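Biologist: Please show me the model, and then let us talk through how its parts are arranged.

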Amino acid sequence: MVEISFNAKEQRAVAHDGSKEIGECTYQVIDDVWIINHTFVDSEYGGQGIAKKLVEKIIWQAREAKVNVSASCSYAINLFNKTNDYDDVLVDD
């Protein structure tokens, strides 16, 4: 079973299948905005919605931290353009 965790110190969300790291979504902090800059999932796990869960883990943590989010990662940008679910934390570039 795939589990998603958040590591604030490393500025990333991580997907694990047991002890194997199978994906990550990273961000950098600039002027109190978390900018999602990379999303990756091992090709063996493609099509399972893991990338979306990784981005959503960062969004959820941003809400908890009361900070805004932006993206330079093409996956996150496309996800944000498909729905208004994240508008409460998104900032326009």
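**Sheet and helices**

Modeller: This is a predicted model, in which local features need pLDDT of at least 70, side-chain atom pairs count only at pLDDT 80 or more, and totals for chains, interfaces and linings use all residues. Residues are numbered from 1 along each chain as its sequence is written, and side-chain values use heavy atoms, with hydrogens and water left out.

Biologist: What covers the buried residues of α2?

Modeller: Helices (H or I, at least four residues) and strands (E, at least two) are DSSP runs, numbered from the N terminus. Buried means under 20% relative accessible area and exposed over 50%, with partly exposed in between (1.4 Å probe, protein chains only). In α2, residues 74-82, the buried residues are A76, L79 and F80. Their cover, judged by contact (heavy atoms within 4.5 Å), includes β4 (33-41), α1 (50-65) and β5 (68-71).

Biologist: Which are the edge strands of the open sheet?

Modeller: Two strands pair if DSSP finds at least two bridges between them. The open sheet has 5 strands in the order β1-β2-β3-β4-β5, with mixed pairing. Those that pair on one side only are the edge strands, β1 (2-7) and β5.

Biologist: Which residue in β5 is the bridge partner of V33?

Modeller: β4 and β5 run parallel and are joined by 4 bridges. In β5, V33 has as its bridge partner N68.
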